[in-house]
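Subject: Structure handover and what was found in it

Dear colleague,

I am passing on the structure we spoke about, together with its sequence, so that you can look at both while you read. Please open it alongside this message.

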Amino acid sequence: MSLLSIQHLQKSFAQSHILRGIDLEVEQGEVVVILGPSGCGKSTLLRCINGLEPIQSGQISLSGTGVLGQDISWIKARQKIGMVFQNYELFGHMNVIDNILLGPIQVQKRQRAEAEKVADELLKRVGLLDRKHDYPRQLSGGQKQRIAIVRSLVMQPKVILLDEITAALDPEMVREVLDVVLGLAKEGMTMLIVTHEMSFARKVADRIIFMDQGKIIEQATPEQFFEQPQTERAKAFLNILNY
């Protein structure tokens, strides 16, 4: 059984049909990178998986919990499916450790001492333990994004969704964030990643999903996709990027 199963997913905004029958299975420990032109539905797909956008039809299932939004509430589902956004979403009036511990303490009702011990280990892993009492305004963009990743990990999710997490960063800050994600991949974290960083996609992915106009039109290994794309649309996409 797949860890995450998406069946016949349909999503519309007003008169715009954004997702048109998405079917996707994600295995435990798999890293799936979603590529495609702007407006094709990549980020909307992640937001639907996390319950941030309602869907019109279809279903999303997580192994061990059932159908999300039906067998398990979205509040509980989001504890199993973490999400990291491109703009960090850190609370400016709270320091780093309080930002990280808000979910474990308020939502999961964990003891602060236990949750903070886990958080400290994660902060150490991303090289930011010495910044745990700083405020977001004191951090660089790359540091904020690494904190956002720690905030998701401390909830101990089964899956993490990463939506263009380097889009708001200066080029020199991109590598420090991508290195953290590469480390998570090596440790077996299940991830769905939307990115425009092609070299990173090729390095981190077990599978590439290529979307266009709300549909998955191609799936392949990174080597197959970048060396021998099967659809004309994928070829055109890669040619525009000069990849």
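What follows is an account of the annotation, the sheets, the cores and the charged pairs.

Please keep in mind throughout that this is a predicted model. From the UniProt record, an unreviewed entry, comes the feature "domain: ABC transporter", placed at residues 4-238.

Strand 5 pairs with strand 4 (residues 57-62) in the antiparallel sense over 2 bridges, and S61 has V67 in strand 5 as its bridge partner. As background, the strands of a sheet pair through backbone hydrogen bonds, either parallel or antiparallel.

After helix 1 comes G51, which has a positive phi, near 75°.

Strand 3 (residues 31-35) deserves a separate paragraph. It has 5 of its 5 residues buried, so it is largely enclosed by the rest of the structure. From this strand V31, V33 and L35 point one way, while V32 and I34 point the other way, and all are buried. Strand 3 pairs in the parallel sense with strand 8 (residues 190-194) over 4 bridges, with M191 in strand 8 as the bridge partner of V31. Strand 3 also runs parallel to strand 9 (residues 207-212), to which 4 bridges join it, and there R207 is the bridge partner of V32.

Which residues touch the most other members of the largest nonpolar core? They are L35 and M191, in a core that holds 53 residues. Helix 6 (residues 171-186) gives the most to this core, with 9 residues. A second, separate core has 29 residues, including I72, I81, M83 and V194. In soluble globular proteins, nonpolar side chains tend to be buried together. Leaving aside neighbours within four places in sequence, L35 is in contact with K42, T195, M198, A201, I208, I209, F210, M211, F225, F226 and F237.

Turning to charged side chains, the structure holds 15 salt bridges. One of them joins D134 to R131, with the closest N and O atoms 2.4 Å apart, and both D134 and R131 are buried. Another joins R175 to D179, where the closest N and O atoms are 3.0 Å apart. Because R175 and D179 are 4 residues apart in helix 6, they are separated by about one helical turn. R175 is partly exposed, with a relative accessible area of 38%, and D179 also counts as partly exposed, at 42% relative accessibility.

The salt bridge between R202 and E227 has its closest N and O atoms 2.7 Å apart. This pair links distant parts of the chain, since R202 is in helix 7 (residues 198-204) and E227 in helix 8 (residues 222-227), 25 residues apart. R202 is partly exposed, with a relative accessible area of 26%, whereas E227 is exposed, with a relative accessible area of 52%. There is also a network of salt bridges that links D98, R112, E116, D120 and K132.

With best wishes

Note on methods:
Residues numbered from 1 in each chain as written. Predicted model: local features only at pLDDT ≥ 70, side-chain atom pairs only at ≥ 80, totals over all residues. Heavy atoms only, no water. Core = buried A, V, L, I, M, F, W, Y, C linked by side-chain atoms within 4.5 Å. Buried < 20%, exposed > 50% of the residue type's maximum accessible area, 1.4 Å probe, protein only. Contact = heavy atoms within 4.5 Å. Pairing = 2+ DSSP bridges. Salt bridge = Lys/Arg side-chain N within 4 Å of Asp/Glu carboxyl O. UniProt positions renumbered as here; feature names shortened; annotations may be inferred.
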